[in-house]
Amino acid sequence: MNAPQGVAPAVIGQALAHESAVLHVTGQAVYVDDLAEPQGTLHVALGLSPVAHGRLRGLDLTSVRRAPGVIAVLTGADIPHNRSGPILADEPILADDTVSFHGQPVFAVAAETRAQARAAMRLAVIDIEPLPAVLDVAEARAQGLFVLPPVELVRGDPAGALASAALTLQGSLRQGGQEHFYLEGQVSLAQVREDQTLHLWCSTQHPTEMQHLVGHALGWQAHQVSVECRRMGGAFGGKESQSAQWAIIAALLSVRTGRPVKLRLDRDDDMRATGKRHAFLSHWTVGFTPDGVIEALDVELASDCGFSADLSGPVNDRALCHVDNAYFLPAVRIRSLRCKTHTVSATAFRGFGGPQGMLVIETVLDDIARHLQLDPLLVRQRNVYARQAGTGRDTTPYGMVVSDNLVPLLFDHLEPEARYAERRAAVAAFNAASPTVRKGLALSPVKFGISFNATHYNQAGALVHVYADGSVLVSHGGTEMGQGLYTKIRQVVAHEFGLPAAQVRLSATDTTRVPNTSATAASSGTDLNGKAAQAAARKVLQRLAEFAAGVSGGDPAAVQFQDGRVRAPGAHPLDCPFAELTARAYKARVQLWDSGFYATPKIHFDPVTKTGRPFYYFAYGAACSEVAIDVLTGETRVLRVDVLHDVGRSLNPALDLGQIEGGFVQGMGWLTCEELYWRADGMLATHAPSTYKIPTATDVPQAFHVRLFERDNSEDSIHRSKAVGEPPFMLAISVWLAIRDAVASTLPGNQPVHLNAPATPEAVLRALGRLPPAPGAAGPGGATPRGTVSTGRDNIQPGGTMPGGPA
Amino acid sequence: MNGQPATATPIRFLYRGQVQMVEGVAATTTVLEWLRLSQRALGTKEGCNEGDCGACTVVIGSLDPAAPGGVALRSVNACIHLLAMLDGRLLLTVEDLADPVEGLHPVQQAMVECHGAQCGFCTPGFVMSLFHLYENQPTLPDHAGLCHALAGNLCRCTGYRPILAAAQAAWQAPARRRDRTPWRAALTALAAHPALDYQAPASAGGGRVQAPRSLAALGAALQADPAARVLAGATDIGLWITKLGRSLPHLVHLDRVAELQVLEVRDGCLHIGAAVTHARAWPALQAFYPEVADLARRFASPTVCHAGTLVGNVANGSPIGDAMPLLLALDARLELQCGADVRIVPLAAFYLGYQRTVLTAGEFVRSVLVPVPVPVPVPARSRLACYKVSKRFDQDITAVCAAFRLDLDAGGRIIQARLAWGGMAAIPLRTPGAEAVLEGQDWSEATCARAQVALLTELTPMSDLRASAAYRREVAGNLLQRFWYETSTGIGTPPVRLDQVEASP
């Protein structure tokens, strides 16, 4: 670029508050359900399948149609294009001939009020002939039921290396899924407009996909549908593909009735009918040296994808690409099974398969350490990728060189900062004297690949408007879900123009402003949209610089934009407020707005061989956690956490810290208290916060020390920062490993620890050997379907009736 | 069916500085529905509609001579609080906090400065819980106390640390607490109106809510319409409305019956009236039995404890209600009233089966009578403990709840044993077999082990989403073992409860 950048060092790297912070705390931030409803807005309730798998024999909606306030009823038969999906169109919008999971939407009813719609929905008579249901990933694996074909990645000669390895171990691990529990449930408001067009306000991470899928269901082109999202009340991957079904139903009903239609899911319906993190069942054989260095790994990852493909292909690809985590695997075979069950389709969730892949290798390393009676941290250190690339032990199973490995450096810092050795001794001393409470300690790394695995998603666009009065409005394709994307983009653009952040405003994300956007996902929001916004801003800046230089008679490259002023040296030096320059430039007919585009360089990935350089760079981190467990009940408590996390050169340390802490606690929930439990009939019993328990404030240790590891990204990312949305989630693996460590302290010798995830009190007590082993066919989410009895506040079936008392 | 009120009244309460007189809405309208749909006051959010996430937290004020300025403030979940329950009250929402002159309330300012909001959806609820704490507590509670104050608020973004930091900052800033005296004057004026007898028009679905102010009026109302449903804090009934769509044509609210607010010691018993909230009842129990502190803390979130009542927990009869094991262990009795007739039954004889009790038509639980040791504190020879085991520490439903009481003679022999359980059967229950094993024996590890064996045959719990039957049985015995660890003397063990354990130095 010839034009000088603005100089405002205070904006980049400043801990600015979230751009909506004041709106948040005063209740003025507007979410989709808060928008002024257009006159005549109808409200939708959904009828959900009461059977996990069956043939829909009859659907008597007579009473529903006659109920007060009802305007329209929609069934699968009413939808001409009744197949949808983000990649494969394999999901019915409303079930037609077959129901494939308990809670699958079967019909929709639109009424004048939400209460009327919900009351009418209860009047339906659904007749389903039950068919055998496969509810568990182990059973699907045994039967060979897949939503997508198996995938295998092999490097070297794992079979030969295993045969010749000095030592081998086998093991298996069950990992449960996870409910997103975004505080704002799924919601769409569709308004049909003139000449076959429709506007959709949708709480979604992926407005463009909503546009395409709504268009597809209506048989319309993309330019007939516009989608807008100002902010979401949390998403975490749960509003990437999962917002589509509700958007489509609202749109179909709006077109059918000619009225605006709002569909906001009740929490219980949301939890039953929307996808979750994939549960995994993994088996492995590892060969290693007497020093604990891995020589070969043969691993199978069977994931529970639910009834349809959704995003399971890329999720499992990412799992495949994160089985190595931070460790060199010389010879390796990774087999990935994408299993089909009669449960809700699993979907994107922060980490996107990465956590599930990593938990496997961390378990393998723990098992090796325990087998050799070595400290697990030592075994981890012996297996990490080389500190310097080019010295061997630097290439991932998928063929990407780890060129900037920060893990050894993070270990160097964190081990003494967390006083690992001293506390290791203290934990041992405590345990020796404690009959009922045991402590555990673990330090583990994270290496997470940044970019969408599918290369073509790695593009973004932005639009920067500088108005004649000097105020700036930025539009881009990214969505705000609380992560602070808008705030960071604001900083990036303010920096370019040398303006205070308050001079830059972000518009709601809207497909009419920036087309063909990617999901705000894969931690890539700031990387992609920041670069696009910067590119747009620089085009305008260049014109302003040329105009200013024209006035001053100087060099455009010498024009400075700083502190809201413009200084142009020359024969007629110019020194004026930014707004004065823009007003003059406008009158001189200078274009004060422009678009920007960014495509991540260097990346490529062969979807068939699963090799290439899928990631622009890696983000790294390390965490040390100490826990205590109660050996009488299996209850756990996290006592202290120390985190060191690589954010590159932070654009906003406060927002980055928020992502790290929040991601960590969410990961901790996944691995401890958050358990999805399906009844034997396939109904999700944990469909509300009364029964599905995400962490509360008490679960977070008071000693929670998080430090940013700041240094320039070795790749040319936006201001050399790094993506931070997902990587910290996996730091919480250290909590689960610490629980394993505490369990191990009670077991004799080198007996392996059989702990599944989540480490609920029951899972821990079982690992302690105080309960019978889990039955072979454990249920989805690591739990075993254990009958259908439920009592008390949880015995509420949305849209249904109270089940009977205890059997 | 629900009788006709002689003189129907509107629902009157203070809102945005004025008296609201609401008519024409359904009798079961929740505060949240009214705010969002009728008022388009959209700062209060719906996260779960069942009182478990706290996004809808609001603060309610009521006259209380003992409170600062004569007005008590308590936080509740608007999603399961009925609008009719606000009659005579003050309603404060997140929109009421910022001052036109002074700007943001200190807790709001601190939340901004400490980056306490990310997506912002839970934020109004946290702000209201912090506001409630700030207005009631001149000094900030310790870390555990602060976490407890926020136990009813879920945040999925921040990991809570910045919210806790915001609380620190708010209390460190110059104090700026609300003057409650104007509210007292307005509430006093409201109190002059007759008792609530709200009748919804048929166009709004009909329905009636009465709030009698005397025991006699209550007894008469329930006798007149035995099908009427008694309403206390709505922490369960609220869900019947929001989740089950159940028809509740006639509700009789207990909260304004002065005699049911009784909380006093009489004849060796602590009398806890049916309108006494958990927030009042548990500290009273704890004053006599300090051993209940842990259970009291974990019983429920503050927002639930500010609305729900101890008697409601008992009368509801859920097998997983956490109050009953303790009350059974303490040999509590219930006062039941029908019309003007009163009878007393032991709690142990109250439950007949799953959510079935000895209550007859028109009969209600007037109070629970808990024997208290005289004088305070507990005689040295009695041992009491309560345990709650659940997947999450705070605000979770119990997998196993246990309360144990042993009365020992001077020689350490067990004179009387009470082992009481929640989550172990269709009803809260005692295990007389294991109690018999204990009675007459020395309280030793061997005695404990024998009682554990007896429990294995005596308890036949169920498997559900909270735990398997095997887990429940194992843990039941283990809790007795823990009780022994905690009460046996001379064993120099490290802490036996997780929340007493500290990180290694």
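1. What percentage of the 505 residues of chain B count as buried? The figure is 59%, where buried means that 20 or more other C-beta atoms lie within 10 Å of a residue's own, exposed means 12 or fewer, partly exposed is in between, and C-beta atoms are placed from the backbone.

2. This is a predicted model, in which local features need pLDDT of at least 70 and side-chain atom pairs count only at pLDDT 80 or more, while totals for chains, interfaces and linings use all residues. Residues are numbered from 1 along each chain as its sequence is written, and chains are lettered from A and ligands numbered from 1 in the order in which they are written.

3. The C-alpha trace of chain B spans about 65 × 60 × 45 Å along its principal axes. Of the contacts in chain B with a separation of 6 or more, 68% are between residues 24 or more positions apart; a contact requires C-beta atoms, placed from the backbone, within 7 Å.

4. Chain B has 16 helices and 20 strands. These are DSSP runs numbered from the N terminus, with helices being H or I of at least four residues and strands E of at least two.

5. At the interface, 85 residues of chain B are in contact with 93 residues of chain A. On the chain B side, α2 (106-113), α3 (123-136), α4 (143-149), α5 (161-172) and α16 (469-487) each supply at least two residues. The most come from α16(B), with 9 residues. By class, this side of chain B has 47 nonpolar, 22 polar and 16 charged residues; Ala, Val, Leu, Ile, Met, Phe, Trp, Tyr, Cys and Pro count as nonpolar, Asp, Glu, Lys and Arg as charged, and the others, Gly among them, as polar.

6. Helix α1 (residues 31-38) of chain B is mostly covered, with 6 of its 8 residues buried. Among them are B:W34 and B:R36. The buried residues of α1(B) pack against β3 (57-63) and β5 (90-92) of chain B. Just after α1(B), B:R40 has a positive phi of about 50°.

7. Why is helix α9 (residues 312-320) of chain A described as largely enclosed by the rest of the structure? The reason is that 9 of the 9 residues of α9(A) are buried. They include A:N316, A:D317 and A:R318. Packing partners of the buried residues of α9(A) are β7 (146-155), β14 (294-304), β15 (331-339) and α10 (354-372) of chain A.

8. In chain B, strands β10 (residues 263-266) and β11 (residues 269-273) run antiparallel and are joined by 4 bridges; strands pair if DSSP finds at least two bridges between them. B:V265 stands opposite B:L270 in β11(B). The hairpin of β10(B) and β11(B) has 2 residues between the strands, and B:D267 takes a positive phi near 55° there. Strand β11(B) is also joined by 5 bridges to β16 (residues 363-371) of chain B, again antiparallel, with B:L270 opposite B:V370.

Terms used:
Two residues are in contact if their C-beta atoms, placed from the backbone, lie within 7 Å.
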